[in-house]
Amino acid sequence: MKFDLRPYELFLFDVDGTIAETEGLGHLPAFNAAFEKHAIPWRWDAQVYRELLKITGGFERLKSYRLAQGINPGNDQFPSDELLKSVHLTKNQIYGELMQAGKVVARPGLINFINQISEHGKSWGVVTTTSYSNWNSLWRSVLKNEIQQIPLVVICGEDVVKKKPDPEAYLLAIEKMGVQPNICLAIEDSENGLLSARQAGLEVLAVRSQFFFDAQFSGAKLIANEFSELHPIF
Ligand code: XBP
Ligand code: MG
């Protein structure tokens, strides 16, 4: 599939689902292991998790699941915000261990795609609503040794008040780089990510991932199954 990348100077990558299948191989097993560690009787399967992914941010996701259980704050089964914060921290620690153990690899063609961007004198960056610790684990364990040029900008969940689909993360990235949105291409695997980028004025390359395989991606410039099927024109 040919894709004309000449209009773009900067390529802003989402992380989860886009760079690697970190949701199914990292976050989901880490959430379940964290529940066990904190003696919380919750276990999420892929079907439940797919629904929960509509809420971006791990802590936000935990709170929305608690709400859906219909447990009242007075009930001793009700996990407090403090407990959910600890669960989230434990989840991120376990996620880091899974990355270190080599449980996750970059999506097919991704490394080559990023290195081609650099070889053509262009830059790449990261705009994610995951935590810095998770991005750093993925960078160190999966990407660092393979990627020629470090990202020009990294925006993570802690940098924004409102996570995707709000445009704040993308607006912050273009403000930091001092560029116009029309020279940036966002690469996203979810509707929330696409909405965030489009509302910030960026065009989007959508890549299908495990949990969003059937997304509509209306307004995307191009929809691909894998980076490896793209023949970029620089
Ligand atoms: C996807 C997300 C993230 C992760 C969990 O972010 O929704 O919230 O599931 O991350 P993106 P944290 O695709 O934009 O990278 O637990 O660190 O919040
Ligand atoms: Mg994503």
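Threonine 128 puts a polar side-chain atom 2.4 Å from an oxygen atom of ligand 1. Taken alone, ligand 1 exposes 450 Å², and the protein buries 96% of that (areas by the Shrake-Rupley method with a 1.4 Å probe; for residues, only the protein chains shown count as cover). This is a predicted model, in which local features need pLDDT of at least 70 and side-chain atom pairs count only at pLDDT 80 or more, while totals for chains, interfaces and linings use all residues. Residues are numbered from 1 along each chain as its sequence is written, chains are lettered from A and ligands numbered from 1 in the order in which they are written, and side-chain values use heavy atoms, with hydrogens and water left out.

**Around ligand 1**

- Ligand 1 sits in the largest pocket. A pocket here is an open set of points on a 1 Å grid over the protein atoms alone, where a 1.4 Å probe fits, with protein on both sides within 12 Å along at least five of seven lines; a molecule sits in it if more than half of its atoms lie within 2 Å of its grid points.
- The ligand is surrounded by 19 residues, and the closest are Gly58, Arg61, Lys91, Thr128 and Ser131 (a residue is near a molecule if one of its heavy atoms lies within 4 Å of it).
- Helix H1 (22-37), helix H3 (58-68) and helix H4 (81-100) each bring at least two residues to this shell, and H4 gives the most, with 3 residues. Helices (H or I, at least four residues) and strands (E, at least two) are DSSP runs, numbered from the N terminus.
- Lysine 91 has a polar side-chain atom 2.5 Å from an oxygen atom of ligand 1.

**The magnesium ion and its neighbours**

- Which residues hold the protein donors of the magnesium ion (ligand 2)? They are Asp14 (OD), Asp16 (O) and Asp189 (OD), lying 2.2 Å from the ion. Donors are N, O and S atoms within 2.8 Å of the metal (3.2 Å for Na, K and Ca), and water is not among the atoms, so sites may look incomplete.
- Along the sequence, the donor residues follow the spacing D-x1-D-x172-D.
- Aspartate 14 lies in the loop between strand E2 and H1, and it is buried, with a relative accessible area of 6%. Buried means under 20% relative accessible area, exposed over 50%, and partly exposed in between (1.4 Å probe, protein chains only).
- Aspartate 16 is buried too.
- The side chains of aspartate 14 and lysine 164 are joined by a polar contact of 3.0 Å. A polar contact is a pair of N or O atoms within 3.5 Å; within protein, one must be able to donate a hydrogen and the other to accept it, and residues adjacent in sequence count only if both atoms are side-chain atoms.
- Serine 209 makes a polar contact of 2.7 Å, side chain to side chain, with aspartate 189. You will find serine 209 in the loop between strand E6 (203-207) and strand E7 (222-224), where it is buried at 6% relative accessible area.

**Backbone features to look at**

- Most residues other than glycine have a negative phi, and most peptide bonds are trans.
- The peptide bond from lysine 164 to proline 165 is cis, with omega near 15°. Proline 165 is in the loop between strand E4 (154-155) and helix H7 (168-177).
- Alanine 39 has a positive phi of about 55° although it is not a glycine. It belongs to the loop between H1 and helix H2 (46-52).
- Phenylalanine 217 also has a positive phi, near 50°, and lies in the loop between E6 and E7.

**Other positions**

- Alanine 20, in the loop between strand E2 (10-13) and H1, is buried with a relative accessible area of 0%.
- Asparagine 115 lies in helix H5 (residues 110-119) and is buried at 8%.
- Asparagine 182, in the loop between H7 and strand E5 (184-188), counts as exposed at 54% relative accessibility.

Note on methods. On a 1 Å grid over the protein atoms alone, a cavity is a set of points where a 1.4 Å probe fits but cannot get out, and a pocket is an open set with protein on both sides within 12 Å along at least five of seven lines; lining residues have an atom within 4 Å of a point.
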